[in-house]
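Hi,

Here's the structure I promised to send over. Have a look at it first, and then read on for what turned up.

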Amino acid sequence: MKFERKDILGLKDYSRDEINLILDTAESLKEISTRKIKKVPTLRGKTVISLFYEPSTRTRTSFEIAAKRLSADAVNITASASSVVKGETLIDTARNLESMNPDIIIMRHSAAGAPHILARLLKHQSIINAGDGAHEHPTQSLLDMMTIREKRGKLDGLNVALIGDIAHSRVARSNIYGLTTMGARVALCGPAMMMPREIDKMGVSVHNRMEETIQNADIIMMLRIQLERQKNNMFPSVREYAKLYCLTPDRIKMAKKNVLVMHPGPINRGVEIDPQIADGHYSVILEQVTNGVALRMALLYLLAGGK
């Protein structure tokens, strides 16, 4: 099967076959990172630009490493060090980048839909959405699914609990699309003020109490409070939030003995997850980071025409 899409903007309309193709490709490329010389000439001559309007550690770094391990030329642009601070519009930035003839542009932006605008404007460059507002973060969901499949051998039939600030989480939205497509059962839990209206219509179950959400979970994915996206304070205090929604050693005893704990990062220790859990044997958080490089190598490879 050949990957037929020009861009990777979101997982809403992806099929099982497309997701499996991406995950299979990532698994095959993962071993490159274990070699003594961590580089192959697969994308030699290709140019990959990372255009980030928001801060990032894991996503931006893993894309840069992924590009370099495939021998592509990687260029990083941040809004604070670009002509954006001089008033240049997104469209003008896009047109100027297009004139330099890159092959792939990876974009993170605070506005939902910004990568879609680039994809419509630029006909000869592939656009990868590295997070657009509170809309989607497809590459994070794909690496999450890769990690789950690697650890559990499947996605179909698993119970996955997403807990935290659902309303403002682009990771949650992409994971709902991806996991339900792959046959997993998704349960959401968080304060009522942080739960989107009618989200149950997306094929998920919705809960307010953390204890009942994690009882049958195979996977617990904790999400941080997205303070940068909240227009109003949606909870009395961090202490009160942690009291109800922090994954603690006592709470995890209610889950399955072989439950896996995930987190897209960055972690706020003691708020949504206790340090003992984040660093304990349940956690696969660092495996997510490792798989992020392989997954993003796969996306660059497939967009560049790889089979």
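A quick term before the rest: "buried" here means under 20% relative accessible area. Also keep in mind that this is a predicted model.

Let's start with helix α2. The buried residues there are T59, S62, F63, A66, A67 and R69. Seen down the axis of α2, they fall within an arc of 165°, so these buried residues line one face of the helix.

Just after α2, S71 takes a positive phi of about 70°.

Now for the aromatics. How many aromatic pairs are there? The count comes to one. The partners are Y241 and Y245, with ring centres 5.5 Å apart and planes at 40°, so the pair is tilted. Both tyrosines belong to helix α8 (residues 238-245), and because Y241 and Y245 are four residues apart there, about one helical turn separates them.

One last thing to look at is R5, which lies over the face of Y14, at 4.0 Å from the ring centre.

Cheers

Definitions and conventions: Residues numbered from 1 in each chain as written. Predicted model: local features only at pLDDT ≥ 70, side-chain atom pairs only at ≥ 80, totals over all residues. Heavy atoms only, no water. Buried < 20%, exposed > 50% of the residue type's maximum accessible area, 1.4 Å probe, protein only. Helix = DSSP H or I, 4+ residues; strand = E, 2+ residues; numbered from the N terminus. Arc of directions from axis to C-beta. Phe/Tyr/Trp six-rings, centres within 6.5 Å; stacked < 30°, edge-to-face > 60°. Lys NZ or Arg CZ within 6 Å of the ring centre and 35° of its normal.
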